[in-house]
Amino acid sequence: MVRSWDMAVERAQERLAAAPGVRIASEDEGRRFALWDLASRAEGELGELVDPEAVGPAEERRLRERLGESGRDWPAGELYRRRYWLVDGSGSGNGNGNGSGTRPIGTVAVDNWTKGPGQLAISSLYLTPAARGRGVAARVLDQVFRAAVAEGLPGFRLEAHWTWQHAVRYYLRRGLWVVSWKHAIGLVRMPQLPPYRVREEDGRLVLLTPDGPAGTPPDGPPDGPPDRPRYAPPTGAWTPLLAAGHEGRWLRLDETAAYRQADGWVHDFARSTLALHLALAGRPLVRGPQWWAEAWRWSDAGEPEGLAYKIEHFEQLARAGGRPVSTPYRGLAGTGGPPSVAAPPVTAAPPITDTPPITDTPPAPGA
C-alpha cells in the first residue's frame, strides 16, 4: 500500500479505512479489485451487467478488448490511489485485517493526492446490483466527505461520464455541484457550498439555495477558508438564483439579484449545475446562434452552451467506440443550429440537504 506524501490526505484515508462498512483492499487482492473495476466499466460503457466474481480469463479478455483503452489493466496504476471494499456488515478494516470476513458488495477508490482546491478525489465507486437501493453509496460518500473535512480538506471531487446517465443523475440527487466538464462531468461536495434544489416553476427550471450561511455543518469543525461561508442544513426559506426557460428553441437564462450577490463558489458553480439539470431534462442549453458560435470558449466549464458543445463531443466519442448512447439531450450536431426541445422533460431533482435520504437506485458504474 502506497502512502500519500500529503499528510492531510493520509490522515483522511486512515479515517475512511476505520469507517463502518469499509475495508482496505490488501495487496494480494489487487487482481480481484481490478475485476470489480472491469465490471463497473462494462456496465457503465457497454451496458453489460457482469458478476465480477464470475469473470474468467476469456470473459475478461473479451471485455477489455471491447472497452479498448479504458479497459486496460494498469497494475502500477494502483500506486496513485487507495482501494477499499464496501462490505456487507458493520465490520471495518484499518490495515490489520478487521472486517476481512465480511462479504464485499462494492468498491471505492480515493486518490493519494488532491484535486481542485485541495479536495479528496474519488476515482471509482461501484456497487453490485443486489446492493443498490440500500443507501450504501450515500453512506460512503458521506464518510469520504467527513474524513476530508475533519482533516481540513474542502470536501471531495469525482467525475462521471455523461453517457453514464444513472451515475450522473444519482450524484445530482445527492446534491453535488457541477464544476467542470473538460474530460467528464466534474462534481464536488464542499462544506463551503450550501445545499441546493432545482424545481420546475411555470415551465422553467429554477435553482434555489437556502437564505444564507447558518453556522457550522454537522459534519466537521469550521476549519475551511475564512473568506468562504460554511452552511448548515436549511431550516427556512429557499432563494432562487437562476431560472431557465426557453424562447422557441432557445434557452432563456435569467439571473436574480441574489445570484449576483452570491458568494464566489456559489456564483461560479450555479450556472454549470443548472446546465446539467437542464441537459438531463432535455431542455435547451443554447441562447442563440451567436452564443452557439462561441460555445467552444466554455468547453471546460462555465456557460450552458459549453456543456452543449461537450455533450456532442462526449456522445460522438462514445458512438465511435461502439458504445451505446441513450441520453435525453438532443442537439443538432455539426449544423451550428440550436438543440431540440422535443424530448420529454425529466422530473426535476427533489430537495437535497447535507444528509439527504436515498430516493432512488445508486449508480451502477464507478465515477
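Predicted model: local features only at pLDDT ≥ 70, side-chain atom pairs only at ≥ 80, totals over all residues.
Colleague: Fine. How many bridges join strand 5 to strand 7, and which way do the two run?

Modeller: There are five bridges between strand 5 (residues 156-160) and strand 7 (residues 185-189), and the strands run antiparallel. For one of the partners, take Arg157, which is bridged to Val188 in strand 7.

Colleague: In what order do the strands form the sheet?

Modeller: The order is 1-2-3-4-5-7-6, seven strands in an open sheet with mixed pairing. From one strand to the next, the twist averages 35°.

Colleague: Which strands does helix 1 touch?

Modeller: Helix 1 (residues 7-17) packs on the sheet against strand 1, strand 2 (81-88), strand 3 (103-111) and strand 4 (120-127). Its direction makes about 15° with that of strand 2.

Colleague: And how do I read a pair of packed helices?

Modeller: Two packed helices are described by the angle between their axes and the distance between the axes. Here, helix 2 (residues 30-46) packs with helix 3 (residues 57-67) at about 50°, the axes being 10 Å apart.

Colleague: Why are helix 2 and helix 3 called oblique to each other?

Modeller: Because their angle of about 50° falls between the 35 degrees limit for roughly parallel and the 65 where roughly perpendicular begins, they are oblique. The crossing is left-handed.

Colleague: What classes of residue make that contact?

Modeller: Seven nonpolar, six charged and no polar residues. Among them, Leu35 and Leu38 come from helix 2, and Leu63 and Arg64 from helix 3.

How values were computed
Residues numbered from 1 in each chain as written. Heavy atoms only, no water. Pairing = 2+ DSSP bridges. Helix = DSSP H or I, 4+ residues; strand = E, 2+ residues; numbered from the N terminus. Axes fitted to C-alpha atoms, helices over the stretch in contact; angles between N-to-C directions. Contact = heavy atoms within 4.5 Å. Parallel < 35°, antiparallel > 145°, perpendicular 65-115°, else oblique. Left-handed = near helix turned anticlockwise from the far one by under 90°. Nonpolar A, V, L, I, M, F, W, Y, C, P; charged D, E, K, R; others polar.
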